[in-house]
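Hi,

Here is the structure I promised to pass on to you. Have a look at it, and then read my notes below.

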Amino acid sequence: MACSIQSLLLLPLILLISEAASLSHTPMLPKAAIFPVSKDSSTLQYVARVFMGETLDSVNLVVDLNGPLVWMASESPQPIKSCSLKCSMANSIRGGGAEYNPNSMTCTLLAENTISRMSKSGYLSEDTMAMEFWDGIRSSSFAKSEKFLFLSSPNLLLKGLAHDARGMLGLGDSRISLPSQFSTTFGFFERKFSVCLSPKKGAVFLGGNPFETQISSSMMFTPLISKKSEGYYIDVGSIKVSGKKLPLHQKGSLGAKISTTVPYTTFESKIYAGFVESYVSAAVSMNLSRVHSVAPFQVCFSSKHVENVPSIDLVLQSELVKWRIDGENSMVVVSDEVMCLGFLDGGVNPRDSIVVGGYQIEDHLLEFNMGNSMLGFASLLKGEKKCSDFEAADRESL
């Protein structure tokens, strides 16, 4: 069926809403949009708050760093026609192409719950989304896009998600992910976003971020690499424990996926076995006492009189560029007397040899530059401001 010219030329309608300002104040362009994030203690998932719909209701969505789109269990307010430019944009998603529905002429495609690994068809829809803006000094203005694309999915897809979550917030590098739509809608922002998570609070920043001055000298950069599957990957040349390189038993580098839906970093079984052996050896040399394991962890130690633990380095494109994982991100406190190594066995022949999980990226600023395919990363553990320090505005500010 031929598409009309009008359907191909639709542009998003943008309505900027700012709180009243004195005429004596010089207007400032916003530096970032902000989505507050909290950690669900029962599922260990990171849950973002967004404002959706005509009445801008607060909706909780699980953050999926690699998700290609935003999906929600809801009725479809404004379904997209299958013969449209927007449906063609959705069709560009790898592994989840849009379909023509002859009965309803609506654009349908698959949504995946990456926690339960369940997939269901849904309708590509559009509705209003509001977001808070940060101007470098304060976060007191909001803007909304009345043509935000998302997938309206069945309630069955919510299985395994945090309580009260209504879907997933996809931050992947597709044409209809949240960062891509944001960059297209508000063209004065760079095509990049940052993630700053913590055990309690955090945020997703689209565009700039409030930590740029604090971490400008300490941030390191590494290329994001392409894989057959969707997602953000980096090359890991080697792994070191207390400065000692692990034997990885393979040529070349390893592609490591960064994930917000996997709670702890996983290694392929052979890599994990060598990692545990090296870590335990280094820990014993530092007078740490190993104790019985506590599920899901396989390696645990007494936390009595412990001043330090072995460091872990993911060495990237050179020995000068490495992701240091210190004790705060490597050891999980499971009781007053026991702490466990927060790395898990990912199994034999997993989809990804290394998956860097949520616990290891907490209180780190990760900047994903989709324009030049680079990842910037910096630890905030020893800084003046941490991810949990950020406060977002309340719903009443809208």
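Strand 18 (residues 265–267) and strand 26 (residues 354–356) run antiparallel and are joined by two bridges. Strands here are DSSP runs of E with at least two residues, helices are runs of H or I with at least four, and both are numbered from the N terminus. Thr 266 has Val 355 as its bridge partner in strand 26.

Please keep in mind that this is a predicted model, where local features need pLDDT of at least 70, side-chain atom pairs count only at pLDDT 80 or more, and totals for chains, interfaces and linings use all residues. Residues are numbered from 1 along each chain as its sequence is written, and side-chain values use heavy atoms, with hydrogens and water left out.

Both strands belong to an open sheet of five strands with mixed pairing, in the order 14-17-26-18-25; two strands pair if DSSP finds at least two bridges between them. Its edge strands, each pairing on one side only, are strand 14 (233–236) and strand 25 (343–345).

Helix 5 (residues 269–285) lies across strand 17 (254–258), strand 18 and strand 25, with contact meaning heavy atoms within 4.5 Å. The helix runs at about 135° to strand 25, an angle between N-to-C directions on a scale from 0 to 180 degrees, with axes fitted to C-alpha atoms, for helices over the stretch in contact.

Happy exploring, and write back with any questions!

Best wishes
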